[in-house]
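Take a look at the structure before reading on.

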Amino acid sequence: MPSFDIVSEVDLQEVRNAVDQANRVIDTRFDFKDVNARFEHNDNEIRLEAEQEFQLQQMLDILREKLAKRGVDVKALDVKEPQSSLNAARQQVLVQQGIESEVAKKIVKEIKNAKLKVQAQIQGDQVRVTGKKRDDLQKVIAMLREKDYGLPLQFKNFRD
């Protein structure tokens, strides 16, 4: 029986490379000269540190540009509110991996409301869709690409 998986994955090596490139840009930019600003990357978290909040916004723009050039969808970023003190500002950016259960339930509900002859089931942080006809599965993929769930979706393991 044909099936495929709906996942939301980000290549963390590409994220690491984009953070390294963004750090190099910060080191060479004139408006960041003599400013203590840097990016730090740990697993699914990127920390931005600068002296003022407006510099954090500029750094965030640089990071998004570098991620987009590396093929990482910026929808996968969960940007937290900046925290400021007298001489430092910090901001946390989380890289979302996998589909949260609320979003997965919403995807399953959308698929069931489409009245196609397919079954969708949540398996951990992904959704598996199975059906008898390959055309029905392709309709599901087309339908899901039109919708925006706030995170990048990939369709993997398409089997006949």
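Predicted model: local features only at pLDDT ≥ 70, side-chain atom pairs only at ≥ 80, totals over all residues.

Q: How many residues does helix α3 have, and how far does α3 reach from its first C-alpha to its last?
A: Helix α3 covers residues 101-113. At 1.5 Å a residue, 18 Å is expected, and the reach is close to that. The values are 13 residues and 18 Å.

Q: Which residues of α3 are buried, and why do they line one face of the helix?
A: An α-helix has 3.6 residues a turn, so residues three or four places apart point the same way. The buried residues of α3 are Val103, Ala104, Ile107, Val108 and Ile111. Seen down the axis of α3, they line one face because they fall within an arc of 140 degrees.

Q: Which residues are exposed on the other side of α3?
A: Exposed means over 50% relative accessible area. On the other side of α3, the residues that count as exposed are Glu102, Lys105, Lys109, Lys112 and Asn113.

Q: What covers the buried residues of α3?
A: The cover includes both strands and a helix. The helix is α4 (134-146). The strands include β1 (3-7), β7 (118-123) and β8 (126-131).

Q: At what angle do α3 and α4 pack, and are they oblique or roughly perpendicular?
A: The axes of α3 and α4 are 11 Å apart, and the angle is about 125 degrees. Roughly perpendicular runs from 65 to 115 degrees, and roughly antiparallel starts over 145. The two helices are therefore oblique.

Q: In which hand does α3 pass α4, and which residues make the contact?
A: The crossing of α3 and α4 is right-handed. From α3, the contact is made by Ile107, Glu110 and Ile111. From α4, the residues are Val140, Met143 and Leu144.

Q: Within what arc do the buried residues of α4 fall?
A: α4 has 13 residues and reaches 19 Å, close to the 18 Å expected. Its buried residues are Asp136, Leu137, Val140, Ile141, Met143 and Leu144. They line one face of α4, since they fall within an arc of 165 degrees.

Q: Which exposed residues does the face of α4 turned away from its buried side carry, and what do the buried residues pack against?
A: The face turned away carries Asp135, Arg145 and Glu146. The buried residues of α4 pack against β1, α3, β7, β8 and β9 (154-159).

Q: What is the phi of Asp34, and is Asp34 buried or exposed?
A: Most residues other than glycine have a negative phi. Asp34 is not a glycine, yet its phi is positive, at about 60 degrees. Asp34 sits in the loop between α1 (12-28) and β2 (38-42). Its relative accessibility is 76%, so Asp34 is exposed.

Q: Where is Lys115, and is Lys115 buried or exposed?
A: Lys115 lies in the loop between α3 and β7. Its phi is positive, near 60 degrees, though Lys115 is a residue other than glycine. With 72% relative accessibility, Lys115 is exposed.

Q: Which residues is Ala120 in contact with, leaving aside its neighbours within four places in sequence?
A: Ala120 is in strand β7. Its relative accessible area is 13%, under the 20% limit, so Ala120 is buried. Ala120 is also 9.9 Å from Glu110, C-alpha to C-alpha, at ten residues apart in sequence. Its contacts are Val108, Ile111, Val127, Arg128 and Val129.

Key: Residues numbered from 1 in each chain as written. Heavy atoms only, no water. Helix = DSSP H or I, 4+ residues; strand = E, 2+ residues; numbered from the N terminus. Expected span 1.5 Å × (residues − 1). Buried < 20%, exposed > 50% of the residue type's maximum accessible area, 1.4 Å probe, protein only. Arc of directions from axis to C-beta. Contact = heavy atoms within 4.5 Å. Axes fitted to C-alpha atoms, helices over the stretch in contact; angles between N-to-C directions. Parallel < 35°, antiparallel > 145°, perpendicular 65-115°, else oblique. Left-handed = near helix turned anticlockwise from the far one by under 90°.
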